[in-house]
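This report concerns aromatic ring pairs and their surroundings in one protein model. The sequence and structure are shown first.

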Amino acid sequence: MGKSRRNRGHANRTDPIAKPVKPPSDPELAALRESKILPVLKDLRSLETKSRTAAATAIANIVTDTRCRKLLLREQVVHTVLTETLTDNSPDGRAAGWEILKLLVQEEEADFCVHLYRLDVLTAIEHAAKLIIETLTASPKLTKAEQRLVWSITSSLLSLLTALALARDEILDAIVANPTILRFLFRLVSTPSIPADEFEEALTCLTTLTEDNLPIGQAIIGDQETRCYDELLKLKAAGGPKTVLACGVLHNVFSSLQWLDHSPGQDGACDAILVPSLSQALEQLHPGVGKTNGHGVSSPGITQTALEILASIGTDLQVTLEKGNRPQFGAGKADDEWNGIEDDVAPEADAMEVDGGSENGDDASEKDISDDESGESDSDIDIEADMDKVTGADEPFPEEGNIDDLPTLRELIHAAVPQLIRLTNIPITGEEDLAIQYHAFSALNNIAWTLSCIEFANGENANIFAAWAPAAKKIWQKTILPVLESDSNDLNLVTLVTGLAWAVSKSLNGNTPINQTQHRKFITLYRVTRNHGRDDKMDGHDEAEEQEDPFQSLGVKCIGVLGSLARDPAPLEVNRDVGVFLMTLLGHPETPAAEMIEALNQVYDIYGDEEHGCDQVFWNDGFLKHLEELLPRLKTVAKGIDKRKAEELRTKTDEAILNLGRFIKYKKKHAPKEKR
């Protein structure tokens, strides 16, 4: 007969959380634990309701202190709150428990939100949200004490939901998939008695949840219980902070549902209906005064939110134009990169092996040129066709045309841009004004870059250019030039404004309103930047710079601006100054690879069409010789770039080698007779 199994000594395992916590080794922390932390935690587990409630309130008051918070976390306060305090029969105790979690989330890192999620905090939130929904629907008139508790718990839930959604996409998906939590949020939006602070928190939470999120966008539109979407539309026209926050939610919903200018939603809904409301809110803002006129926004945070929404609308406008199948849109990329002339070379081929396949590539090129004199080949036709794509056709703009078919762009130009220009010129009295100014510059930057991606050399987009050009010139004169002429030492501001100047000048296609000397400001700025960069390198501070995107550096942006200012029909004096600057830069042995690539891109754009008047500058100043001398050195630069550490930089350098050889060949073929 088999032996019966004896009970093992540790068959019933103890709760690991109940394991005694070792006191800290620091005597001061140990004393604080004994005098303050342990007594309040003991009261939190007391059988008396008053003691538990008082302890929860006390913990909520001390949790913002770093030492007390760390000690409380060591003592497993989160476990106690989740399993005991949140289920307490005292409403005040439950409210204090939620306040503790809210403050912990605010003070700790995002990993703490992940920890809460793994402890199933969403189930507790769902239960609390359900009780609040029942309270709001069953008891229209609450006592002051009931209101205080309901809105206190509501505020804590909203803060937790926002922080959890930002912590990880997995948590965001779980929140959106919870119908009770969504009903809770929708109910808050449609509850007239909700206090202003909690209402703004609800809208902020919805803004976070709706960003790039189709399911919740569909849920808002389909909500028939509280008609949340209709309430948001009403708020859009109400004025004040609620309008700005409602516009943020609606913008995210429109974006996720793809309600664009050419495919609007219900009653023509798209971003075009939001821009006037946001612009009106900004119009009432008077920084430095401390208050607004009428229904404006007085909170700097709300103002920055309005500017961020406009910036996002400006970026999303590019999707609107692309999906609307606008003719000629996208002929130029945002970084204005010329991809070279298409031929039968495989993309995988090393660019350094193209152009002759050996160090005798120049001889091979000369042989090709001599062959070209006898007649045009198919590759010659491809070269000319590709250069037409780069430079655009020289067709005149038709006089008629408007942008009524692009209402979002129309509202941005006519309603938003004037307010953004005003906010870039506000008097700076503190950090808040400076933040508003930066956000205004960023919004203009996003709008200008979207417009710079449109090929205005073709008459199909003349109506857009006619609407945009006056606004762009005003941005240049009222926003860019004041900063340029102030010689500001704020590097962040100068970098931001230079990027804006690049986008504006690129979109104006050689028609930027400058005099004969303003372009030299950017040349000076570039030189100062390079000297500063070399000083940092000598001091050993170049490691952080190398980790950043080299194509977003101030030097690259200066080159982009100068190239855009020099395009035909710019004055030849300006073109010559910029051309000489670019050739000098390309010939300098210490020029970074990213700046060399951008300089070459600008050379291609400026001198890619032999019909332009500036082509004489290219030949008279001997630019071709400089480019021919550059080719072998550029190959050396490419070899020195580790593709594993800087893949994009190496790829673009290889492309630059390929394109430079083709550009040289093209210019030789189309050289003036006296230069052949």
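The model is predicted, with local features requiring pLDDT of at least 70 and side-chain atom pairs pLDDT 80 or more, while totals for chains, interfaces and linings use all residues. Residues are numbered from 1 along each chain as its sequence is written, and side-chain values use heavy atoms, without hydrogens and water.

The whole structure holds 12 aromatic pairs (rings of Phe, Tyr and the six-membered ring of Trp with centres within 6.5 Å; planes under 30 degrees apart are stacked, over 60 edge-to-face, the rest tilted). Two of them are tabulated.

| Pair | Centre distance | Plane angle | Class |
|---|---|---|---|
| Tyr-607 and Phe-618 | 5.4 Å | 45° | tilted |
| Phe-618 and Phe-663 | 6.3 Å | 85° | edge-to-face |

Tyr-607 belongs to helix 27 (residues 593-607) and Phe-618 to helix 28 (residues 615-620), 11 residues apart; helices are DSSP runs of H or I with at least four residues, numbered from the N terminus. Phe-663 lies in helix 30 (residues 647-669), so its pair with Phe-618 ties together parts 45 residues apart in sequence. Ring pairs join Tyr-604, Tyr-607, Phe-618, Trp-619, Phe-623 and Phe-663 into a cluster.

Phe-618 is buried at 0% relative accessibility (buried means under 20% relative accessible area, with a 1.4 Å probe and protein chains only). Lys-667 lies over the face of Phe-618, 4.7 Å from the ring centre (NZ of Lys within 6 Å of the centre and within 35 degrees of the ring normal).

Elsewhere, His-519 is placed in helix 23 (residues 519-538) and is buried at 0% relative accessibility.

Definitions and conventions: Helices (H or I, at least four residues) and strands (E, at least two) are DSSP runs, numbered from the N terminus. Buried means under 20% relative accessible area, exposed over 50%, partly exposed in between (1.4 Å probe, protein chains only).
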